[in-house]
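Visitor: Please pick a single part of this model and look at it closely. Then carry on to the other local features worth checking.

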Amino acid sequence: MNSIRRMLAVLVYFASIGAAAQSASFTYQGQLRDAGQPFTGIADLEFRLYDELTGGTQIGSVQARGQWPVEDGLFQVELNFGGGAFDGSDRFLEITVDGAPLSPRQKITATPYALLATGLAAGSVGGGSVDPTAVQLRVTGTCPPGQYIAQVLQSGNVVCEVDQDSGGTAWNLGGNAGLSAGAYLGTADATPMNIRVDGKRAMRYEWGFSSSGAPNIIGGVDANSIPDTNEASVIAGGGLAGAPNSIVGNGSAIGGGIGNVVDGNWSVIPGGRSNQVDGNDSVAMGRGAQANHSNVFVWNDGGSFASTGPDQFLIDAAGGVGIGTNNPSDQLHISIPSGDAMRVQIGGQTRFRIHDNGGISVGVNSGPPANGLLVNGDIRYSQPRTRWLMLSSGSFVQGFGSASSYDFSHNFGGLTLNEPAFCSIGANSFRGAVQIPHGAIVRVFRAHLTEDDSDANLRIELRRVREDGDWDDFMASIVTAGANSSPRVFEDASIATPVIDNENYAYFVTFFGGCNLGSTTLHSIRIEYELRDVL
């Protein structure tokens, strides 16, 4: 309450007084207004009794009533300034609200004041000597069984109403019976209903924006909130004054915890701390979980862990996730006493399974060897691996003959290759078959040879041929040049169509030259390739 503009004393009356001894206690009922409107909330009240309207001397002690509930502006307190406070002199009551004294002080009127005078003889004051417009006469009326006193008139008569148990409308603290089907506890209009404990709101029921929807229910600390622009949401409890739970969405729920926020529709935070749901149809739980997208589940063990897209199921658990075990030793630990442990299906077909014999099947549901591996399909490298193919001179053929010598240039069918007779039989071209794994990628084609005749250069090529026998173009080519009696290496790393396709092609290395080979020796051919796919 920022400022109490006005206080009205609605009723002042005293507690009942016995004939032999008088009581200095009396009950004060007042009304607080803030800016002209009845105030509802909690206020710190103090009451002081003075002998003057302004200034003067304080009588008795301060009567403090901290955190006192005020409902629709009304409050009621029991005051006692001591037996000698009222001696027949004027008395004025000063009231302070939240530290601010209200002005002017209120004079304690003579009629109730006189009730505190001592020594009245029994029966000396009767109905004829009392003004009933100022003082209520002694209660003389009673109510019959099944009814209760609903109102006491100034004449002392009473107004009776029927108990709820007898078909009335009152709710009894001891419970009610015989209720009609339409009986309810609540409000008959759109005003929210609060249930308080120790003067503080413990539960709030309010209707949302739509008459066809459902109410919002807010439990826990009174700082928890759901705006009335939303509906059908529930905060079951939890929250702190500095870390309340809040929902800004329809059909959402928070079970408890502190500092949890749901901004999406039809989403849930079961509890925990500092969890956030921004998407629809999502769940966040634990601590610091953030479901920022729709249709996601996020569980976090602390810090910040957020979804990165819709339709995700995310778990961040430093202690591990256990299935069949409460003591996971890894981030995901599956423990079963017996039977098959795991199955992965794609399109209704089993693609991965861990069997009860300890074996694993991949690409098929068949039982693998015990503690073994059964694979149906190709196995591929995750990283390229370099391999080599070596061809010696004896690997080459011409026609139906063969170059059987390890040193290719020495002989062929009894003829030396460095003689002009080499041309007379048309043996200027040889080839050797090459077997390279399907899917491999050729990187380098290399020849190791000795040539001492500058006029008889050789041409060595890596070629492929279709299954129907038609030649295709070459893949790599080496041409020797110049004479040198020392062994030399010639290399071609610019490979055309480098991917090996064994389904459609056969691969060869060809070797040919002029009629005058001089003294030429082919020591070996090396093909370097990478395996990227199939083993």
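Guide: Ser 246 is buried, with a relative accessible area of 17%. That class means under 20% relative accessible area; exposed means over 50%, and partly exposed lies in between (1.4 Å probe, protein chains only). The model is predicted, so local features need pLDDT of at least 70 and side-chain atom pairs count only at pLDDT 80 or more, while totals for chains, interfaces and linings use all residues. Residues are numbered from 1 along each chain as its sequence is written, and side-chain values use heavy atoms, with hydrogens and water left out.

Stay with Ser 246. It sits in strand β16, residues 246-247. Helices (H or I, at least four residues) and strands (E, at least two) are DSSP runs, numbered from the N terminus. Set aside the neighbours within four places in sequence. Ser 246 is then in contact with Ser 225, Ile 235, Ile 254, Asn 260, Val 261 and Val 262. Contact here means heavy atoms within 4.5 Å.

Step back to Asn 245. This residue is in the loop between β15 (234-235) and β16. Asn 245 counts as buried because its relative accessibility is 0%. Its side chain reaches the backbone nitrogen of Gly 259 at 3.3 Å. A polar contact is a pair of N or O atoms within 3.5 Å; within protein, one must be able to donate a hydrogen and the other to accept it, and residues adjacent in sequence count only if both atoms are side-chain atoms. Again leaving out neighbours within four places, Asn 245 is in contact with Asn 224, Ser 225 and Ile 235, with the glycines Gly 237, Gly 238, Gly 239, Gly 256, Gly 257 and Gly 259, and with Ile 254, Ile 258 and Asn 260. Ser 225 is on the contact list of Asn 245 and on that of Ser 246.

Phe 508 lies in strand β38, residues 505-513. Phe 508 counts as buried because its relative accessibility is 15%. Its C-alpha atom is separated by 5.1 Å from that of Val 434, a residue 74 residues apart along the chain. Outside four places in sequence, the contacts of Phe 508 include Arg 431, Gly 432, Ala 433 and Val 434. Glu 461, Leu 462, Arg 463 and Val 465 are also in contact with Phe 508.

Next, the disulfide. A search of the whole structure finds 1. Cys 143 and Cys 160 form it, with sulfur atoms 2.0 Å apart. Cysteine sulfur atoms within 2.5 Å define such a pair. The pair links distant parts of the chain, 17 residues apart: Cys 143 is in the loop between α1 (110-114) and β10 (147-152), and Cys 160 is in strand β11 (residues 158-162). The angle about the S-S bond is -95°, and the link of Cys 143 and Cys 160 is left-handed. Cys 143 is partly exposed at 22% relative accessibility. Cys 160 is partly exposed too, at 24%.

Then the backbone. A cis peptide bond joins Ser 103 and Pro 104, with omega about 5°. Pro 104 is in the loop between β8 (100-101) and β9 (106-107). Gln 67 is not glycine, yet its phi is positive, near 50°. It lies in strand β5, residues 58-70. Gln 67 is exposed, at 53% relative accessibility. Asn 295 also has a positive phi, about 60°, without being a glycine. It is found in the loop between β21 (283-291) and β22 (297-306). Asn 295 is partly exposed at 40% relative accessibility.

Ile 323, Leu 332, Ile 334, Ile 336, Met 342, Val 344 and Ile 346 make a nonpolar patch of about 580 Å². Strands β25 (332-334) and β26 (342-346) each give two or more residues to the patch. The largest share, 3 residues, comes from β26. Leu 332, in β25, is exposed at 52% relative accessible area. Like charges are joined within 9 Å, and nonpolar side chains (Val, Leu, Ile, Met, Phe, Trp, Tyr) within 5 Å. Accessible areas come from the Shrake-Rupley method with a 1.4 Å probe; for residues, only the protein chains shown count as cover.

Last, the whole chain. It has 2 helices and 39 strands. Of its 535 residues, 32% count as buried. Among contacts with a separation of 6 or more, 39% join residues 24 or more positions apart. The accessible surface comes to about 29300 Å², of which 51% belongs to carbon and sulfur atoms.

How values were computed: Patch = residues over 30% accessible without salt bridge, like charges linked within 9 Å, V, L, I, M, F, W, Y side chains within 5 Å. Salt bridge = Lys/Arg side-chain N within 4 Å of Asp/Glu carboxyl O.
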